[in-house]
Structures are given as C-alpha cells and as structure tokens.
Amino acid sequence: MDQTASRSSVPDPSRAPKKRMFVLEDGRNVAFVFFLLVILFGLWGFCNGMIDVMDKHFQEVLHLTLAQSAKVQTAHYFGYLLMAFPAGWLATKLGYKGGIITGLLMVAVGGFWFIPATQIASFWAFLVGVCIIAAGLTFLETIANPYTTVLGPLEYSATRINLAQSCNGIGLVFGPLVGAKFFYARNAEGASTGSETLWIPYVFIAVVVIALAVIFTFAKMPDVKMEDDYHLDDPTPNATPKHSFWKHPHFVMAVVAQFLYVAAQAGVWSYFINYMTTQTPAVPASWEESLRGGPGFLQGLFETKNGMLTFSDRGASTLASFGFICFLTGRFTGSAILKKAAAHRVLGLYGALNVVACLLVFLKLGWISVGSVFVSYFLMSIMFPTIFALGIFGLGEQAKKASSFIVMAIFGGAVVPKIMGSVGDSYGMSRAFIVPMACFAVVGAYGYLWPRLSGHEAMHGVSTTGGH
C-alpha cells in the first residue's frame, strides 16, 4: 500500500499540462494583448515600407545622387539613435503600457508635421517629419519586441516575436504601394505632384495611432518580467560583475549583429528601385502586352529607356511590394521552423545563404541576379526578431534597458546605405551588393557562435536556472 502511494506521488511527465503560446504561468491568457502588439508591428512596417520608396522620389524631384538621397534613411535611423535609450528608461519607469502610449503620440506628432512640411516644400522639412516618426517608432520597437518574448512560455519566445514581426511584413507589403500612389502622383500634364500629396498617408497614420493610444490606455496589460537567467537583478553586492548586461557576450554581439543586419536591410531596401530600373535585363515586350487591360495597379510598370523596355519607378515600387511578400512569406515559414529548430542555427543558416544571394547579385548574372534580390528579402525575414530574442535571452528585468541598445543599433541603417550608395554611384548598383554581403556574413557567424557566447545549447527548451 505504501509502495503504491509512493509510486503514485511521482509526477508523470506525459501527463503534464501542455504549455500554450499565449498563456502565462499563472494561467492568464494574454492573446488579446499580443493582438494589440501585432497591430503596432504592422504600423511601423507600413511606415518603413513608405520610407523605402521615398528615396527615389527625392532623387527625381531634387536631382540627388544615390548617396545624397540616403539622407532620408539617415533622418529615419537618427530618430532611433536619438530615442532608443530614453525609450528603454521610460519602459523601466512607466512599464510597457506607458512607453507604448508615449511612442504612439510621438508618431502622431510626426504624421501631422507633414502638413506644414508640404507648405515649406524643402527637403529638410520632410526629413524632420521622418525623424520624429522614427523617434516614436523607437518607443514602440524598444518595448513591443521584448514584450512579445515574455507573453507566454520561454520556449516559444522566438516563435512569438517572429509571428508578431510577420504582421510587420504585412505593413511592409502595403507601404510601397501607398507610397507609389502618393509619392509618384502626376497631374494631367504628366508633371510630378508627389511633393504636394506626400502628406496624405502620414496624416492618415497620425489619426490611426491616436485611436490606438486610446485603446492601449484602457487595455489591461500585465507587466511580465523576463526570466533572470544570469542573476542580473540579484541585489547581492558581491554579484556586481553580473549586474551589467554588457558583461554577457551574447548580448554585446547581438548589438553588433543587429547594427549590421539593419544596415544591410536598409541598403537593399533603399536602393531596390534603383537596382530594378538600372540593372535588370531588357523586359520582353510580351510582358507589357499581357498586362494591358489588367488591374490599375499593374499599369505603367514599364517604360522605354535608351530604346530598351525596362521597369519604371512606379513599376519598381510595385515590385518592392512583391519583395516584401517574399519577406512576409519568410516570416510565416520562419515562425513555423523556429518551433522545431534552434533559433541560433536558423539565423546562422539564413545569414550564410544571404551571403550567397548577394554574391549572385554582385556577379551580374541577368535574371538570376534579379531573382536573388527577392531571395535576399526572404532570407532577411527572421533576422531582426531572432537576433533580438537571442540578444536579450535571460537578462531578467534589465531586458527592458538592454533592448533599448539593440534598438539603438538600428542606427546602422543610417550609415551603410550612404556607403552602398557611394559604391553604386561609382560602380553600379549590382556591385554595391558587396556591402550587405559582408554584413550578412557577420550575422550568420553570430548565429553559429551564440551557444558559445551565451553558455546555452539553444534558446528553445533551455533551462532557465543554469545561468553562468
């Protein structure tokens, strides 16, 4: 009798309740909170998608070189550099909700600024609006990214952040389409009116984010703490060396990897239109004929330059949306892959494959190179969220501050596009892909080296009690 009782008291692992992706340890279901965060991811994806077609607009209207038009990206990413640390500090003081509402209100201010900027009609005025919006988005990214990783079981953290970033991909798909409609608008005489209509989508964004701020004000958002795997929250005086997240190589290298990833991403996305309008082979006349009578957004995709049929600026903008569809597909499939495979291995593999894709673009192999650009979009899909999740792994409450530095690393997008543009001005856009190729090599190396840097075999299913 006693032996039976003893055996029955041993817990049976097979009968343990299955962990659910959006249920906390105390049983609270946070699926609605995650849904609200997903909307935020879509919002900044939409804004970033429009930024990437704005460069070419200013090149045409203001007769700027590739390197000069990169100031749009500089202004955008300067906003991230300027506000990333304040955003992390505010998240620590006010919690996730307060930081998100602050960010939304800043985006609204930036959106409404485009009304007077249109009247000023100077390059600097538009850059100010871009910077203000980016500063607001910094609050959202600094807070929403780590928040998704704690809204449920640890082993699903990379899956959750990739799933949320999938909605970011949806915003990226529609951003270029809206940007093309308003930035490349023309009047009846064929003259560009983009500078006069550029404010419309930004004011729409401002109205939407104000509504979201109201919703977040009344939403119940649990202030969940991340696992303190490295005892960074330990108040013991003799634990001082472990209190700084800068003491942990997996975080430090995540900042470096994120800087270079965003640098590569911004370069590829910023000059996508330039690449498609200058580096592609001649488009077969049958393509244009097959699109006659089709949907309106498929009209005007091609134009004749130097006796050769090629993609127009508007056509290349439409193709950018297809590129983001590849990116979005990569996000959804990546979320599924990350449920089964270790996050660092997936990151390492995608980084290595993207080096190959950029090399094929660099070699100017005709349509093979063109297709490789879209492959690069697909392979970039899981990099930002996976680097983020790997970087803040096990940092406890200090993950809020640590995440601000990873978001600050987004400033890489302000640096490398100018370098890539300079290479493109001198040697052509195909050759400029050697710059993102080098960046992806470092990202892939970070993925493969993460176990050695963190002291853990993998992020999913890892024990959170064995920090070093």
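**Core, surface and aromatic pairs of a predicted model**

Colleague: Which residues touch the most other members of the largest nonpolar core?

Modeller: They are Leu104, Tyr202, Tyr261 and Tyr377, in a core of 137 residues. Helix H2, covering residues 31–62, gives this core its largest share, 16 residues. A nonpolar core is a set of buried Ala, Val, Leu, Ile, Met, Phe, Trp, Tyr and Cys residues joined through side-chain atoms within 4.5 Å. Buried means under 20% relative accessible area, exposed means over 50%, and partly exposed lies in between, with a 1.4 Å probe and protein chains only. Helices (H or I, at least four residues) and strands (E, at least two) are DSSP runs, numbered from the N terminus.

Colleague: What should I know about the model itself?

Modeller: This is a predicted model, in which local features need pLDDT of at least 70 and side-chain atom pairs count only at pLDDT 80 or more, while totals for chains, interfaces and linings use all residues. Residues are numbered from 1 along each chain as its sequence is written, and side-chain values use heavy atoms, with hydrogens and water left out.

Colleague: How many helices and strands are there, then?

Modeller: The secondary structure comes to 18 helices and two strands. The protein has 468 residues, and 57% of them are buried. Taking contacts (heavy atoms within 4.5 Å) between residues at least 6 apart in sequence, 80% join residues at least 24 apart.

Colleague: Back to Leu104: what does Leu104 touch?

Modeller: Leaving out residues up to four places away in sequence, Leu104 touches Leu40, Leu43, Leu140, Val209, Leu212, Ala213 and Phe216.

Colleague: Where does the largest share of the nonpolar patch come from?

Modeller: H8 provides six residues, the largest share. Helix H4 (71–120) and helix H8 (199–218) each supply at least two. Ile210 is in helix H8 and is partly exposed, because its relative accessible area is 37%. For the protein as a whole, the accessible surface is about 19300 Å², and carbon and sulfur atoms account for 66% of that.

Colleague: Is Trp113 buried, exposed or partly exposed?

Modeller: Trp113 is partly exposed, because its relative accessible area is 25%. Trp113 sits in helix H4, and its C-alpha atom is 8.5 Å from that of Trp199, 86 residues away along the chain. Beyond residues up to four places away in sequence, Trp113 touches Ile120, Trp124, Ala125, Val128 and Gly129.

Colleague: And where does Ala125 lie?

Modeller: Ala125 lies in helix H5, residues 123–150. With 0% relative accessibility, Ala125 counts as buried. Apart from neighbours within four places in sequence, Ala125 is in contact with Trp113, Ala117 and Ile120.

Colleague: New topic. How many aromatic pairs does the structure hold?

Modeller: The structure holds 19 aromatic pairs. In one of them, the ring centres of Trp246 and Phe251 are 5.0 Å apart with planes at 70°, so the pair is edge-to-face. In another, the ring centres of Phe272 and Phe374 are 5.7 Å apart with planes at 75°, so this pair is edge-to-face as well. Phe272 lies in helix H10 (residues 272–278) and Phe374 in helix H14, so the pair ties together parts 102 residues apart in sequence. Rings of Phe, Tyr and Trp (its six-membered ring) pair if their centres lie within 6.5 Å; planes under 30 degrees apart count as stacked, over 60 as edge-to-face and the rest as tilted.

Colleague: Are Phe272 and Phe374 buried or exposed?

Modeller: Both Phe272 and Phe374 are buried. They belong to one aromatic cluster that also includes Trp269, Phe322, Phe324, Phe327 and Tyr377.

Colleague: Lastly, what phi does Lys364 have?

Modeller: Lys364 has a positive phi of about 55°, although it is not a glycine. Lys364 lies in the loop between helix H13 (343–362) and helix H14 (367–380), and it is partly exposed, because its relative accessible area is 47%.

Note on methods: Accessible areas come from the Shrake-Rupley method with a 1.4 Å probe; for residues, only the protein chains shown count as cover.
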